[in-house]
Structures are given as C-alpha cells and as structure tokens.
Amino acid sequence: MTTQQAKAHHVGEWSTLRATSREIGEAIFEVAAYDERLAEEIWRQQGSDDVLLRAFKKTDEDVLTWDGKVVERRNV
C-alpha cells in the first residue's frame, strides 16, 4: 500500500470509529496536517467552519455526519 493509500485507509477507519463522514474525517486531517493528536482535538470541537467547508467541497451530498450528528450543507 502506498503512503497515500495508507493515509486514506487510516482516515476512513478513523472516521468510521467516530461516526463521522469520511469527507469530514479527510478535511479534519487536512487541517491538522495529518497530525493525529491535533485531528482528535479538531474532531472534539465539532463544527469547525474550515473543516465543514472543505468537507462539503469533497461531495455533492447535502448532509454529512460529525460524531453521529447531522450537519447540513445549507447551515455551513
């Protein structure tokens, strides 16, 4: 597995374990520069505008989840 594939796999698992949409997980790790400790802190804050804007740019979906809570595109 390449480094990029390994990162994507890790982020996918990380997101699933936290009941968070993959797009939000990817955006969190981008903002955290792939620092897992910082990513965890950002995830706990639940609602970073920068993360949500990045996440919705990754998808056409109008609803994503952050820790099991629904986030609607129109509210970002």
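**A helix and its neighbours**

Helices here are DSSP runs of H or I with at least four residues, strands are runs of E with at least two, and both are numbered from the N terminus. Contact means heavy atoms within 4.5 Å.

This is a predicted model, in which local features need pLDDT of at least 70, side-chain atom pairs count only at pLDDT 80 or more, and totals for chains, interfaces and linings use all residues. Residues are numbered from 1 along each chain as its sequence is written, and side-chain values use heavy atoms, with hydrogens and water left out.

Buried means under 20% relative accessible area, exposed means over 50%, and partly exposed is in between (1.4 Å probe, protein chains only).

**The ends of α3**

Select Asp-35 and Arg-37 at the start of α3: a side-chain oxygen of Asp-35 reaches to within 2.9 Å of the backbone nitrogen of Arg-37. Just after α3, select Gln-46, which takes a positive phi of about 45 degrees.

**α2 against α3**

Show α2 and α3 together. At what angle do their axes cross? The axes come within 8 Å and cross at roughly 125 degrees. The contact is made by Ile-28, Phe-29 and Val-31 of α2 with Glu-36, Ala-39, Ile-42 and Trp-43 of α3. Axes are lines fitted to C-alpha atoms, for helices over the stretch in contact, and angles run from 0 to 180 degrees between N-to-C directions.

**Two loop residues**

Most residues other than glycine have a negative phi. Select Ala-19, in the loop between α1 and α2; its phi is near 50 degrees, a positive value. Ala-19 is partly exposed, with a relative accessible area of 40%.

Last, select Asp-67, in the loop between β1 and β2 (69–72). Asp-67 has a positive phi of about 55 degrees although it is not a glycine, and at 28% relative accessibility it counts as partly exposed.

Conventions. Polar contact = N/O pair within 3.5 Å; in protein donor to acceptor, adjacent residues only side chain to side chain.
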